[in-house]
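Let's walk through this structure together, one part at a time. Have the sequence and the 3D view open as you read.

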Amino acid sequence: MGHTYDFKSIPGYIPKIMKAFPVTIEILLLSLLFSIIIGAIVTVGSLSKNKVCNAISKGYISFMRGIPTLVLIFLLYLGLPQVMNSIGVDMSGVSKVAYIVACLSLSTSANMAEMMRAAYLAVDKGQREAAFSVGMKGFTAFRRIIFPQAFGVAIPTLGNNIIMLFKETSLAFTVGVIDLLGKARAISSASYGTNRLEVYIATGIIFWIICFVLENLSKFIEKQYTRGRKKATS
Amino acid sequence: MINFKFILESIPSLIGAIPITLLMAFSAAIIGWILGLGIALIRKNKVPVVSQICAVFVSFMRGVPIIILLYIAYYALPIAIYNYGVSIGREIDTSTVPAVIYAIIALVLDQAAYSSEIFRSALSAVDEGQMEACYSVGMTKSQALMRIILPQAMAIALPNLGGLFLGLVKGTSLAYYVGVYEITATANLLAMPALNFIEAYIMTTLIYEILSFIFNKCFRQVENRFKRFRATATA
Amino acid sequence: MANMVELKNIHKSFGDNHILKGVDMSIKKGEVVVILGPSGSGKTTLLRTINFLDAADEGSVSVHDFTVDCKKHSKSQVIELRRKTAMVFQNYNLFQNKTILENVMEGLVTVKKFKKSDAEKVSREILAKVGLAERCDFYPSQLSGGQQQRAGIARALILDPDVILFDEPTSALDPELVGEVLNTIKAVAQTGITMIVVTHEIAFAKEVASRVVFMEGGVVVEEGKPEEILVAPKEPRTQQFLRRITNPNAAEEATA
């Protein structure tokens, strides 16, 4: 092992690693979409008066919060095809990106569900009653009155969940996807690991910058969205 | 299709790996949270220069995935230790340092950053009047902090710290990639020879689920104890 | 010893907002001084400069012959000064993580270094005096505002301070709870302790004050015996204020 750093080489790795950025973005956006859909379904279950739906939703959330994403990846990527094979289904055609998107969607959906539930419950009951009182129907009341308010409440958590999801995309390399970290590892092994520290630091800096941008974007959107509304209540 | 013999045989090894997972989680939480509290107090009191350094540190740690932190710690620390040895005129054999040390250091830094944000918002959530009341009876700032402000901030921080800890336990699974034989790595190792992946990972999942169930219960218990003075606050 | 509390030329600004514009005040031992004035007049700020919860920009504060210069003061001077005073807050500010008994004991144990058992004994006695003997082991959140404020008074009294500062002690209370707190304050006043009270309760001021100070715009407009200031004020600003506070309808008409 070399005992020297070459910090000056770090900036040079950044554009090389960034070549894999589209892959990371693809994983991020797809996982975000599916996690919101699954999260919404789970939220409906957890808010429903049906005890079975309720128990299933809560059980799902608590299961997903207990399992490390890495273990979920191994379970699905290595374990599931074995089970499917034994019942005669061949999963070898499924792409690695699909596995990662599935895992990240599942694990993030629990956070999304908790976010949606909290945001929904944060909207004052009187709002729904007021909507009914002016003659709105259930879904109209939700779409026009409840949802816009709940969305405002959820923005900071949503931003946070997206940032966490973005960081978790770094696990894509574990199944061999060439995302940002996968690319970094490829660059490092191409030079037999001699520059691995510099490459990992460069990757860290990329994640740091993107998270920084995402965080400020989330704060900006929150401000824009809640500006008029906060004034109205004061 | 499921190999029950394998499951039975692998149980002792998997359970045997729990202590190393818990060692990482507990040491990272204890050291990291103490550092986090320190960072929170520094930033709250706006200590010049140090406060800005802490802000950059926290932002970096929060922006970088744990897996990358682990890699950086794993490759940077041996070089740092070796160079330090050279500077004091000794050649330190860094290969004798167990990988778990590097993993713990990375997790400590991660926990310090995240917990500092939790402590900071908890400290801000304590009513300003509490500090004034302390001053009005003649307490010093450190007496006020220790006896009144921190206990209240702790009660506010606990639910979030509980969540942080559960995330940490899960995060230790990534130490697998820097060569720590914790639960996930052990499962992988056991599964490899005969490709018993499904069995190994179902077992692993079960262990993590049980761990998080237990820790969840523990935190609820502690929360209730800490919160007794706010029990009827809403009533 | 001439005066128990002596304020000289107190100035205080928050940013560009000049709140106190040179206030002088001398208070003798055993006096009960009630400070009146419209909101924004600086009366609460003045009270808070006495124990340095807000440090004044200029002037000096003396309590029981211990003088602190507002411009240059050390931390230990401030603590020394605070140990000669006690404060009762508008929002009670009881320690939320301590029971009522512990709230009262806290200053004795941490500041006066009493033994715990001794502190507990005198604390229970004083809580009995303010009518909270049965509530010793409750947390503040479990009590009514009136009970909390009486505990706040007990917490201030137990330290045996040279002066107790009351910052609008009944303003946060529901109307039906104001009486019990005012009665407690009256009882404290009869013990001969020096008190400075910022309040809007004119009837209370009439009954308890040995002197009334009327403030507006960061200065003392007028001061004197309650029967002078409250019945026959000389200054038009005082007259106007009293009219407004004793007859809210008139005030509405005036502003409309």
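**A guided walk through the chains**

In chain C, Gln147 touches C:Leu132, C:Arg135 and C:Glu180, leaving aside residues up to four places away in sequence; contact here means heavy atoms within 4.5 Å. Before going further, a word on the ground rules: this is a predicted model, in which local features need pLDDT of at least 70 and side-chain atom pairs count only at pLDDT 80 or more, while totals for chains, interfaces and linings use all residues. Residues are numbered from 1 along each chain as its sequence is written, chains are lettered from A and ligands numbered from 1 in the order in which they are written, and side-chain values use heavy atoms, with hydrogens and water left out.

Back to C:Gln147, which sits in helix H5 (residues 145-157) of chain C. Helices (H or I, at least four residues) and strands (E, at least two) are DSSP runs, numbered from the N terminus. Is C:Gln147 buried or exposed? With a relative accessible area of 16%, C:Gln147 is buried. The cut-offs are under 20% relative accessible area for buried and over 50% for exposed, with partly exposed in between (1.4 Å probe, protein chains only).

Now turn to chain B and find B:Leu41 in helix H1 (residues 4-44). B:Leu41 has a relative accessible area of 22%, so B:Leu41 counts as partly exposed. Beyond residues up to four places away in sequence, B:Leu41 touches B:Leu123 and B:Leu145. B:Leu41 and B:Leu123 are 82 residues apart in sequence, yet their C-alpha atoms are 8.5 Å apart in space.

Next comes the place where chains B and C meet. Here 22 residues of chain B are in contact with 26 residues of chain C. The size of an interface is often given as the accessible area lost when the parts come together. For chain B and chain C, about 2200 Å² is buried between them, 53% of it on carbon and sulfur atoms; this buried area is the accessible area (1.4 Å probe) that two parts lose on being put together, summed over both.

How many salt bridges cross the interface of chain B and chain C? The rule finds 2, a salt bridge being a side-chain nitrogen of Lys or Arg within 4 Å of a carboxyl oxygen of Asp or Glu. The side chains of C:Glu106 and B:Arg147 form a salt bridge, at 2.3 Å from N to O. On the side of chain B that touches chain C, helix H5 (128-136) and helix H6 (141-171) of chain B are the elements that give two or more residues. H5(B) gives the most to that side, with 7 residues.

Finally, look at chain A, which has 9 helices and 0 strands. Its C-alpha atoms fill a box of roughly 70 × 55 × 25 Å, taken along the principal axes. Of the 234 residues in chain A, 43% are buried. Among contacts in chain A with a separation of 6 or more, 77% join residues 24 or more positions apart.

How does chain A relate to its partners? Of the 2 pairs of chains in contact, chains A and B share the most contacts. No contact joins chain A and chain C, and their closest C-alpha atoms lie 20 Å apart.
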